[in-house]
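Dear colleague,

I am handing over the structure we talked about, with the sequence alongside.

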Amino acid sequence: MNAFSQDVVRLPPPSAPIRSGDAYSRSLPVINGSGVVNCAVNTAQCVMSFCKVVLSSSPGSGSKCVVVAMSAIKSEAKLALWRSGMKSWCICDGGCITGFVDIIFCQEKLYMLSFNESNVNLFAFEISDDDDCLMVSSVECREIERPVVIGGYCETWSIVEWRGKILMLVAYTHDAELWQQITDVRVFEADLSTNPVRIIEIESLDGDCICLSPCSSKSFRSCDYDGVEGDLIYCIYPDKNVFVYNMKDGTTAPVAADIPEYKFWAPDGRLMNPTWLFPPE
């Protein structure tokens, strides 16, 4: 639902009932990596809980918008694809999806960041139409040259599209249990022409801004909104860590809006993931 126009696009349940001859599946090897990605349409109904959804374009009338959703339930991560006209999601799973951290669209490809204690990988998914449904046509893995960190830091990664490029944002803290105490934020531009992917630290967004949250991430021009300064990164993390990072001087400050703590919790006691909404420009 568009929060401003109230326009609604209806999505199917995670998997539609099987009809004879409708089920279709494919297994793809991971290029430059190990394992396979299994994709299936119209298979047996499965349980999913979407934790992040990204769109390839605005879902307006006549749009060829591709909807990609990540599900993480019972430690079984799945990638789900859909576009208008499909009666069922294309559901993908595999070892590389299990390590999911973040996903974005950039230059007509879907990129997924995967992270573990020893490696950071960037997976590029190419998506094509196959018999009137979406299907992954190739998956390529590229290792990322991890930035040097001095001291006992813990880190959390995010990715965002910026002017047709992929940026990687890394927030650091000394204690994994105290994410309210962010000690540093670094921003890197990914050089996709190299393998491993070389990342180059940048200190300016040329006046643009970035909003980050577990559910949505977006870069935008500060001049499009009155009263917004440039080169700022607005961050909301699920453990109530809400702050603004200023790339000009490397400082952090509270977000101007005072968000009461109870706003982060659902009635059943679960921690909710907030998201950003962007009014029409």
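Lysine 165 and glutamate 189 form a salt bridge, in which the closest N and O atoms are 3.9 Å apart. This pair links distant parts of the chain, since lysine 165 belongs to strand β12 (residues 165-173) and glutamate 189 to strand β13 (residues 184-191), 24 residues apart. Lysine 165 is partly exposed, with a relative accessible area of 36%, and glutamate 189 is also partly exposed, at 23%. Please keep in mind throughout that this is a predicted model.

Is arginine 186 buried or exposed? Its relative accessible area is 17%, so arginine 186 counts as buried, whereas glutamate 201, at 40% relative accessibility, is partly exposed.

The structure holds ten salt bridges, and one of them joins the side chains of arginine 142 and glutamate 140 at 3.5 Å, N to O. Arginine 142 is partly exposed at 21% relative accessibility, and glutamate 140 is partly exposed at 22%.

A network of salt bridges links Arg163, Asp206 and Asp208. Aspartate 208 lies in strand β15 and, because its relative accessibility is 7%, counts as buried. Leaving aside neighbours within four places in sequence, the residues in contact with aspartate 208 include Trp162, Arg163, Phe220 and Arg221. Strand β15 (residues 208-212) runs antiparallel to strand β16 (residues 217-221), and five bridges join the two; they form a hairpin with four residues between them. Within this pairing, cysteine 211 has lysine 218 of β16 as its bridge partner.

**Nonpolar core and surface**

The largest nonpolar core has 38 residues, of which Val68, Leu79, Ile97 and Phe125 touch the most other members. Again leaving aside neighbours within four places in sequence, phenylalanine 125 is in contact with, among others, Leu79, Ile97, Lys109 and Val136.

Phenylalanine 50 is found in strand β3 (residues 50-55) and, at 35% relative accessibility, counts as partly exposed.

With best wishes

Technical notes: Residues are numbered from 1 along each chain as its sequence is written. This is a predicted model: local features need pLDDT of at least 70, side-chain atom pairs count only at pLDDT 80 or more; totals for chains, interfaces and linings use all residues. Side-chain values use heavy atoms; hydrogens and water are left out. Buried means under 20% relative accessible area, exposed over 50%, partly exposed in between (1.4 Å probe, protein chains only). Two strands pair if DSSP finds at least two bridges between them. Contact means heavy atoms within 4.5 Å. A nonpolar core is a set of buried Ala, Val, Leu, Ile, Met, Phe, Trp, Tyr and Cys residues joined through side-chain atoms within 4.5 Å. A salt bridge is a side-chain nitrogen of Lys or Arg within 4 Å of a carboxyl oxygen of Asp or Glu.
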